[in-house]
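Me: I'm new to reading protein models, and I'd like a close look at one part of this one. Could you take me through the core and what sits around it?

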Amino acid sequence: NVTVSGTIDAGSTTNQHTGGICSTMEGNRSYISRCSVDADITAYWSAAGICGYLAVGAKVSECRFSGNIITGSRAGGIVGQMKFGTVENCHSSGRLDSGETTSITGNPGPNGGIVAYTTPPADHNKPALISYCYSECYQTTRNQVGGILGYTGENVVGLTSIENCIAWNDFLKSLSAPKSGRISGRFMVGTAVDCWANPDMEWQI
């Protein structure tokens, strides 16, 4: 039940995660619930509307982000990087710009309307779940882009699941990554069930 508004500037030299509520959240007793962020966020490397990095069973639920995120590498409407965690019943709107306005040489990052990217934990058997989420973001990036998820970085079947999500984005643009999509960008052996996308969504891939 926290509300954040205004401007968040993480500076131009740090490569840490930036979030509208928190930078990093880990542990299965850790959660963010019923929070909203109406802000413009600028970061050198990776940023998200609610939480920059989520892992070890942490959860974000019933949260909302509205605003603009500009980064040199990665941007997520709700979460930036996720390892073994849950994002559910969340909504994002505004603009996500990862690498188009400001770029980091050799490190273009994915862009997701809800989560920028998922990567497996060390034991390779803990899932990342995105469910009942809705995005209306306008998204531009130098790498993979997806209306819900930008990129999955694992090659183990079923570690990332997208369920009952709606990508109602108006516009998705990638400058250099054909592995992009209306629901997800690069999607390696994950599962997507009962998801919908705006049939009038404009693409530049």
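Reply: Here is a walk through the core, then the strands, the cysteines and some side-chain pairs.

First, some ground rules. This is a predicted model, in which local features need pLDDT of at least 70 and side-chain atom pairs count only at pLDDT 80 or more, while totals for chains, interfaces and linings use all residues. Residues are numbered from 1 along each chain as its sequence is written, and side-chain values use heavy atoms, with hydrogens and water left out.

Now the core. A nonpolar core is a set of buried Ala, Val, Leu, Ile, Met, Phe, Trp, Tyr and Cys residues joined through side-chain atoms within 4.5 Å. Buried means under 20% relative accessible area, exposed means over 50%, and partly exposed is in between (1.4 Å probe, protein chains only). The largest nonpolar core here has 40 residues, and the members that touch the most others are Ile32, Cys51, Val60, Ile78, Val79, Val87 and Ile130. Strands S3 (22-26), S5 (36-43), S7 (51-55), S9 (64-71), S11 (79-83) and S16 (128-131) each give it two or more residues. S5 supplies the largest share, four residues. (Strands are DSSP runs of E, at least two residues long, numbered from the N terminus.) As a general point, nonpolar side chains in soluble globular proteins tend to be buried together.

Zoom in on valine 87. Contact means heavy atoms within 4.5 Å. Setting aside neighbours within four places in sequence, valine 87 is in contact with Val60, Ile78, Val79, Met82, Ile114, Val115, Leu129, Ile130, Ser131 and Cys133.

Back to S5 and its partners. Two strands pair if DSSP finds at least two bridges between them. S5 pairs in the parallel sense with S1 (residues 3-9) over seven bridges, and threonine 7 stands opposite aspartate 40 in S5. S5 also runs parallel to S9, with eight bridges joining them; here isoleucine 41 has isoleucine 69 in S9 as its bridge partner.

What about Cys51? A disulfide is a pair of cysteine sulfur atoms within 2.5 Å, and a search of the whole structure finds zero of them. The sulfur of cysteine 51 is 3.3 Å from the closest cysteine sulfur, in cysteine 22, so that's too far for a bond. Cysteine 51 is buried, at 0% relative accessible area. Cysteine 165 is in no disulfide either, as the nearest cysteine sulfur, in cysteine 133, is 4.8 Å away. Cysteine 165 is buried too, at 0% relative accessibility.

Now the charged side chains. A salt bridge is a side-chain nitrogen of Lys or Arg within 4 Å of a carboxyl oxygen of Asp or Glu, and the count comes to four. One of them joins arginine 34 to glutamate 62, with the closest N and O atoms 3.5 Å apart. That pair links distant parts of the chain, 28 residues apart: arginine 34 is in the loop between S4 (31-33) and S5, and glutamate 62 is in the loop between S8 (59-61) and S9. Arginine 34 is exposed, at 53%, while glutamate 62 is partly exposed, at 41%. Another salt bridge pairs aspartate 97 with arginine 95 (3.5 Å, N to O). There, aspartate 97 is buried at 1% relative accessibility, and arginine 95 is partly exposed at 32%.
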